[in-house]
Amino acid sequence: MTPEAASTRAREICLLAPVVPVLVVHDVSTAAPLAQALVAGGLPALEVTLRTPAALEVIREMAQVQGGVVGAGTLLTPADVEAAKEAGATFGVSPGATDVLLDACEANDLPLLPGTATSSEAMRLLERGYTVQKFFPAEANGGAPALKAIGAPLPQISFCPTGGVSLKNAPDYLKLPNTLCVGGSWVAPGDLVKSGDWAGIETLAREAVAKLG
Ligand code: 3PG
């Protein structure tokens, strides 16, 4: 897959809903009900971070959930890319980008939303053909004002800001012309996942769609 094709697909995924939930899931038995709650609440694109031992099994379970579009986050290595793809991930997300990682995603036909924090990083990705990028860590990097400023000279790049984004500050990003959606963990808080409060998570998803959609 070319970087251009990857960006086309990343754009489509980012435009499915205003928020891509960032999920850190420890218990595979919570995977299906968690994904069902988020999809039912209007958030179909899900990023499962490869930060727990259960993550690949979680992707496998979530990939079966009707209406879900399941991706793997925190992709760092070619082995991550291959494992994520094999588990059923249909897109990838990374906190940054290396040539090795980009090569692996392209070779494995896994559309990637590559992370960037500076103009030079964004330009390097653009040079390679990636026009849809993750701005990370968004709030720590200066938040919406920083992303707005980056957009002035680089309007051809669209972003999914992630990291410190909340229901409160998401509108500041989403009103920028270079922001397609935001990523965030607030719609699936660890305590609600642990207690199996799927109705509560569906309510958070609905609230995000209602306020940000
Ligand atoms: C992460 O690093 O887990 C993601 O960027 C999500 O960040 P958040 O928990 O601040 O939404």
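Start with the largest pocket, which holds about 220 Å³ of space. Of its 19 lining residues, select the ones closest to the centre: Val 22, Val 24, Arg 51, Gly 184 and Ser 185. Keep in mind that this is a predicted model.

Next, colour the secondary structure. Which elements each supply at least two residues of the pocket lining? Pick out β1 (19-23), β9 (182-184) and α9 (190-195).

Now colour the lining by residue type. The lining of this pocket divides into 9 nonpolar, 7 polar and 3 charged residues.

Select the residues around the ligand: Val 22, Arg 51, Phe 136, Thr 162, Gly 163, Gly 164, Gly 184 and Ser 185. How does this shell divide by type? Count 2 nonpolar, 5 polar and 1 charged.

- Select Arg 51. One of its polar side-chain atoms lies 2.9 Å from a ligand oxygen.
- Move to Gly 164. Here a backbone N or O atom is 2.6 Å from an oxygen of the ligand.
- Go on to Ser 185. A polar atom of its side chain sits 2.5 Å from a ligand oxygen.

Finally, show the surface. How much of the ligand does the protein bury? Taken alone, the ligand exposes 310 Å², and the protein buries 76% of that.

Definitions and conventions. Residues numbered from 1 in each chain as written. Predicted model: local features only at pLDDT ≥ 70, side-chain atom pairs only at ≥ 80, totals over all residues. Heavy atoms only, no water. Near = heavy atom within 4 Å. Polar contact = N/O pair within 3.5 Å; in protein donor to acceptor, adjacent residues only side chain to side chain. Areas by Shrake-Rupley, 256 points an atom, 1.4 Å probe, with all protein chains shown as cover. Nonpolar A, V, L, I, M, F, W, Y, C, P; charged D, E, K, R; others polar. 1 Å grid on protein atoms, 1.4 Å probe; cavity = no way out; pocket = protein on both sides within 12 Å on 5 of 7 lines; lining within 4 Å. Points joined across faces, edges and corners; volume = space filled by probe spheres on them. Helix = DSSP H or I, 4+ residues; strand = E, 2+ residues; numbered from the N terminus.
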